[in-house]
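Dear colleague,

Please find the structure below, together with its sequence. A short account of the findings follows it.

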Amino acid sequence: MTLRSSGTQPIQIEQDVVLARQTARKLATECGMRLIDLTKLVTAVSELARNTMVYGGGGDMDWQILDENSRVGLRLTFRDEGPGIPDIKLAMTDGWTSGSGLGLGLTGAKRLVDEFELDTEPGKGTRITITRWT
Ligand SMILES: Nc1ncnc2c1ncn2[C@@H]1O[C@H](COP(=O)(O)OP(=O)(O)O)[C@@H](O)[C@H]1O
Ligand SMILES: [Mg+2]
């Protein structure tokens, strides 16, 4: 697996969530991703970027385009130094929210991508990495 290109984008305010979506769309197109997969990925980005802003108190989205044999991957990491997620199992339950959301962001995002990794530590922050392959 080789790294073709990478970058970082801040997620601090509402407008950054829109920009993160646009970046993901542009990168997915660059990867040659099918429209259906691109749409799924952008939906996942919406949810995770919003969580980074709302619950994480802001953070960053790192992106990487990966080449592996005949496939291309877009890997995105959402990281913040917010309060972390005390109960991952609960947070990964459909319909559970600590706020006023629908509680479908994390579980929905997980279903929409090929790889989903969640690292979090109370008091330290949260890091979620998703990958979608062509
Ligand atoms: N980056 C984050 N930092 C801290 N807590 C988070 C983060 N992302 C998600 N959570 C927690 O996980 C819960 C579920 O998230 P999600 O499925 O997106 O639902 P919703 O955003 O509707 O609450 C949130 O209510 C919140 O408690
Ligand atoms: Mg959410």
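Helix 1 (residues 14-30) and helix 2 (residues 35-54) pack with their axes 9 Å apart, at an angle of about 150°; axes are lines fitted to C-alpha atoms over the stretch in contact, and angles run from 0 to 180 degrees between N-to-C directions. Helix 1 is therefore roughly antiparallel to helix 2 (an angle over 145 degrees). Helices are DSSP runs of H or I with at least four residues, strands are runs of E with at least two, and both are numbered from the N terminus.

The contact involves, among others, A20, A24 and A28 of helix 1 and L38, L41 and V45 of helix 2, where contact requires C-beta atoms, placed from the backbone, within 7 Å. Its residues comprise ten nonpolar, two polar and four charged (Ala, Val, Leu, Ile, Met, Phe, Trp, Tyr, Cys and Pro are nonpolar; Asp, Glu, Lys and Arg charged; the others, including Gly, polar).

This is a predicted model, in which local features need pLDDT of at least 70 and side-chain atom pairs pLDDT 80 or more, while totals for chains, interfaces and linings use all residues. Residues are numbered from 1 along each chain as its sequence is written, with chains lettered from A and ligands numbered from 1 in the order written.

Strand 4 (residues 115-121) and strand 5 (residues 125-133) run antiparallel, joined by seven bridges. F116 has I130 of strand 5 as its bridge partner.

Around ligand 1 there are 22 residues, and N51, T97, S98, G101 and G105 are the closest (C-beta atom, placed from the backbone, within 6 Å).

Kind regards

Definitions and conventions:
Parallel < 35°, antiparallel > 145°, perpendicular 65-115°, else oblique. Contact = placed C-beta atoms within 7 Å. Pairing = 2+ DSSP bridges.
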